[in-house]
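Trainee: Before we go through this one, could you put the sequence and the coordinates on the screen, so that I can follow each answer residue by residue?

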Amino acid sequence: MTSTRPKLTIRLAAPRGFCAGVDRAIQIVERALERFGAPVYVRHEIVHNRHVVERLEQMGAIFVEELDECPDDRPVVFSAHGVPKQVPAEAQRRNMIYVDATCPLVSKVHVEAQRHEDNGDEILLIGHAGHPEVIGTMGQLPEGSMTLIETIEDAQAFQPKDENRLAFVTQTTLSVDDTSAIVDVLQARFPGMKAPHKEDICYATTNRQAAVKALAPHSDIVFVIGAPNSSNSVRLVEVALRAGAPRAQLVSCAADVDWDELGPVETVGITAGASAPEDLVQGLIEAFKERFDVTQEDVRVTDEDIVFKLPRAVA
Ligand code: 0CN
Ligand code: SF4
């Protein structure tokens, strides 16, 4: 039987999907449920993905936004994005059992910020206002210690107290290119500004952006599986468009695809944010296979082998 379905090439980005920090954070909730029984409270979505959250809810996790929504006598897990210092301090004061699922690469930025503060440097944080990671990083230091820089305009307008005592840190999930443009402006104005030893934008963010860049120019449309509140996923859509994809769309899963809107396509790029499970990627590929005669290609830019240890409380 010959297929009457139109031919389609799917170009699949690699690396894509879960990073080591997300993997660890989800395991922490699963292990906490095993060790302490249900319910286990989780402060904020453990990672920014409804499918992940709903699966853990079914296992007995209860998601809340603030610690004051948790009872004293149940364990609480802090999300991968990090928390202001007063959150563990308050949990301790209330004698709660808490497990911190902050990604070690976010914690590393917290440590850097503290080090700059201890050196007496004024600190800039490049990031997006209101994002939980930005709230958590700013919350490592007393209010007013850090200035948030969101745009090139902010970088141009910033007035330091002393330009020889200036340092910057960044959110881990930013656009590599936008951030380097902001850093260029700051470094041109303040050549003595201290930079992170090694990039604060994490390996997973960097690699997923590189992979989507590689497939974007040859795709009629790029689908990014991820959530609207997932910073790293939203960045992948922007990077795909900027790298030459005529269209790029964030979808939470195959059910979000508007097949009537798709129009004639020959090549589709697919990737997934660091918090998006691989089964959603496979579900999207299956949905294409129902409608097209699909050939699949991997576009791999690098391999990842990073694994983070679990905290002792759940190891
Ligand atoms: O989508 P995430 O939960 O978070 P953001 O990209 O919005 O920061 O992915 C995990 C990343 C972290 C921390
Ligand atoms: Fe950690 Fe980066 Fe993953 Fe965030 S995206 S959890 S910083 S590895």
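Trainee: Does Gly 269 count as buried or exposed?

Mentor: This is a predicted model, in which local features need pLDDT of at least 70, side-chain atom pairs count only at pLDDT 80 or more, and totals for chains, interfaces and linings use all residues. Residues are numbered from 1 along each chain as its sequence is written, chains are lettered from A and ligands numbered from 1 in the order in which they are written, and side-chain values use heavy atoms, with hydrogens and water left out. Gly 269 sits in strand β11 (residues 267–272), where strands are DSSP runs of E of at least two residues and helices are runs of H or I of at least four, numbered from the N terminus. Since buried means under 20% relative accessible area, exposed over 50% and partly exposed in between, with a 1.4 Å probe and protein chains only, Gly 269 at 0% relative accessibility counts as buried.

Trainee: Which residues is Gly 269 in contact with, leaving aside its neighbours within four places in sequence?

Mentor: A contact here means heavy atoms within 4.5 Å. The C-alpha atoms of Gly 269 and Thr 9, which are 260 residues apart along the chain, are separated by 8.5 Å. With neighbours within four places set aside, the contacts of Gly 269 are Arg 11, Leu 215, Ser 219, Ile 221, Val 222 and Phe 223.

Trainee: How far apart in space are Thr 170 and Ile 126, C-alpha to C-alpha?

Mentor: Thr 170 belongs to strand β8 and, at 1% relative accessibility, counts as buried. Not counting residues up to four places away in sequence, Thr 170 touches Val 109, Leu 125, Ile 126, Glu 133, Thr 179, Asp 200 and Ile 201. Although Thr 170 and Ile 126 are 44 residues apart in sequence, their C-alpha atoms are separated by 4.5 Å.

Trainee: What share of the contacts in the protein with a separation of 6 or more comes from residues 24 or more positions apart?

Mentor: The protein has 11 helices and 12 strands, and buried residues make up 53% of its 315 residues. Among the contacts with a separation of 6 or more, the share from residues 24 or more positions apart is 76%.

Trainee: What radius of gyration does the protein have?

Mentor: The C-alpha atoms fill a box of roughly 70 × 55 × 30 Å along the principal axes. The radius of gyration is taken over C-alpha atoms, and the globule rule is 2.2 Å times the number of residues to the power 0.38. For 315 residues a compact globule would have a value near 20 Å, and the protein agrees with this at 21 Å.

Trainee: Which kind of aromatic pair do Phe 78 and Tyr 98 form?

Mentor: Rings of Phe, Tyr and Trp (its six-membered ring) pair if their centres lie within 6.5 Å, and planes under 30 degrees apart count as stacked, over 60 as edge-to-face and the rest as tilted; by this rule the count comes to 5 aromatic pairs. Phe 78 and Tyr 98 have 5.3 Å from centre to centre and 25° between the planes, and the pair is stacked. This pair links distant parts of the chain, with Phe 78 in strand β4 (residues 76–78) and Tyr 98 in strand β5 (residues 98–100). Phe 78 is buried at 0% relative accessibility, whereas Tyr 98, at 27%, is partly exposed, and the kind of pair asked for is stacked.

Trainee: Where is the residue with a positive phi of about 75° that is not a glycine?

Mentor: Most residues other than glycine have a negative phi, and most peptide bonds are trans. The residue with that positive phi is His 44, which counts as buried at 13% relative accessibility. His 44 is placed in the loop between β2 and α2 (50–59).

Trainee: Which peptide bond is cis with omega near -5°?

Mentor: The peptide bond from Ala 14 to Pro 15 is cis with omega near 0°, and Pro 15 lies in the loop between β1 (7–14) and α1 (20–36). Pro 39 is in the loop between α1 and β2 (40–43), and the cis bond with omega near -5° runs from Ala 38 to Pro 39.
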